[in-house]
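Student: I'm new to this one. Could you take me through one part of it closely, and tell me how far to trust what I see?

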Amino acid sequence: MIKVPQIWRAQVALAGALLLLTMGAACGDEVTPEVTPAPCGGLCPVDKCILNVCAQDGEPEPEPEAEPELEAEPEPEAEPEPEAEPEPEAEPEPEAEPDPPVCMDDAIGINNDSCLDVLGSPEDIEIGEQERIQGAICVGDEDHFGLSLVEGQVLSVSLASQSDDIAFELLGINCGEAILSSDDNRGLTFEVPETGTYALRVFASPDGDAGDYELRVDIGDAPPGCLADEINDQIIEPNDDKNAATAIAPSRGEEVRADDMTLCPDDEDWFSIQIDDAGDTLRVDIEQNANDAGLRIELRDTDGVAVLASDERSGASRTVEAVADAAGTYFIRVSAAGNIPLTGIAYDLEVGLFEPVACQPDGFEPNNNTASLISRGTHQGTFCPADDVDLYRFALQQGERLNITVTYDHQGINPIGGVLYGPGGFNDMRDFLVREGNTNNDRLSTVELLIDQAGEWMLELSNGPEGLEYSVNLQIERPQVEMCGVVDVNEPNESCGGAAPLPPFEDVPGHWCGAASDEDFFRIAVRQGQTITVTAEFFHFQGNLDVLLFGPDGTTVIDLGFGTSDNETVTGSDLPAGDYCLRVFGNSALTANGYTLNLNVR
């Protein structure tokens, strides 16, 4: 037999009871709800009636049915929150202006618009290999490239671009000021003075065209260092001051050479020489490549401070000399007069010591009180002794133009004195000499003087150091005078007193008209013991000419040229000093002929 669990049997009995109750109501049976029926119909003991089902003995009592949980009271509905007021709509932001166009084709143009952008990332360039850097420049754009350079290296940079408006420059260490800019060849070479990070700046002119470019960069090794000086295989460096000067000891009257010397950057070369006799002359010759920067050479006194003579002119060979006022040790200093390259500047020295030599008076002496006659041209003179005064005289005609130039070495010498006097002598000062710029020439302050009074004028030179040599150039422009339809530059020259000067070794043209009023006279200044020869060249078929040479008195005949063929010559030998007079003339008043005079002096 199939046993049904007690709980199921109880539930079935309960369901049947409910069904009977319902059926009774449906059939009209009155149901009194207030009367509670006996448990299990009254037929079952109360303690056996479980859920209105009577449990039999021996059957397990059914577990009491769990009381149903009370339904939780529904929570009161939350009051609806008041609707939030709508926030006001934000005003629309204005649209941002578009960024200016970027130079898109410059792949390296990012973060190098400022020099500071590239200091930490310099270009990696191998020594001896060319690096090519390509880029593009837009309007208003700049490109920077860092370069790590070592002192002494040589940097070469060139720029290639189809745009002529793109250029570049080299900035100093840590974005310092521009050191060099690209030249007309669009390239530069730079010798690195200090180790550090430099920068190349590429840019376009403000109103120029942009475009592509290529930088070509080469870095070369540092050149070899500056050589240390040696004499007789002995290194003489350092000799950078008088206390470390290298001794040079020429004997009196000889010269000693110090060849293959080198002046290095930040270097000086000092040499010393012992002079035992006051009045001796110290002379130093320096030779160097004319293309190198000039070196400064100084002769210094025994204290090593006072400069007795110096020269810093450029040139392959120069000489400085000084006279020792007293016995002692004198110094020679060679230093830089300009920029010295890392490899230095090579030079040779020749040092000589010479005993005093009395200066040799010039051929115009004595002319301290009585002026020597000179003519047009250049004349050499010397101040000897130190208090020498040199006077020169020359004849001038009214209307002539005079220009005087006195030339001498101005290095270390105060300008000499030069005064021009008119026919009135020392009380008739007309002009004076002044230096012409930075040259070795002294000229009249008026440059050119128009002669307003005929007669003998005089030039005085003084205050020159003993032994100073100089030259006097006398330029005289005569007014053009036409005689017989021919211009004769020597006119008027109608007498010995009004004779035109005849300079030596110069062809002087003239013309004799044959008229009774025409005479041609020339003045010749003769120094003591000189021999003079004058030749008059002409073609006698056009008119025969003769020549007479007179002494200083103007009447004594020294020589006569009186032939019938071409040319005439007169000579005076071992003559006393003075002004001699030459006359050119024809035998007939009908003669008219041109000629050329040449004066030879020995």
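Tutor: Let's start with V557, which lies in strand 39 (residues 557-561); strands are DSSP runs of E with at least two residues, numbered from the N terminus. This is a predicted model, where local features need pLDDT of at least 70, side-chain atom pairs count only at pLDDT 80 or more, and totals for chains, interfaces and linings use all residues. Residues are numbered from 1 along each chain as its sequence is written, and side-chain values use heavy atoms, leaving out hydrogens and water.

V557 counts as partly exposed because its relative accessibility is 45%; that class sits between buried (under 20%) and exposed (over 50%), with a 1.4 Å probe and protein chains only. Together with L560 and F562, V557 forms a nonpolar patch on the surface, with about 290 Å² of accessible area in total. Accessible areas come from the Shrake-Rupley method with a 1.4 Å probe, and only the protein chains shown count as cover. Patch members have over 30% relative accessible area and no salt bridge (a Lys or Arg side-chain nitrogen within 4 Å of an Asp or Glu carboxyl oxygen), and nonpolar side chains (Val, Leu, Ile, Met, Phe, Trp, Tyr) are joined within 5 Å, like charges within 9 Å.

pLDDT is the predictor's confidence in each residue, from 0 to 100. The chain's mean is 80, and 78% of its residues reach 70 or more. Over residues 1-8, though, pLDDT stays under 50, and it is below 50 over residues 10-35 too. Where pLDDT is low, the predicted coordinates should not be read in detail.

Notes:
Helix = DSSP H or I, 4+ residues; strand = E, 2+ residues; numbered from the N terminus. Contact = heavy atoms within 4.5 Å.
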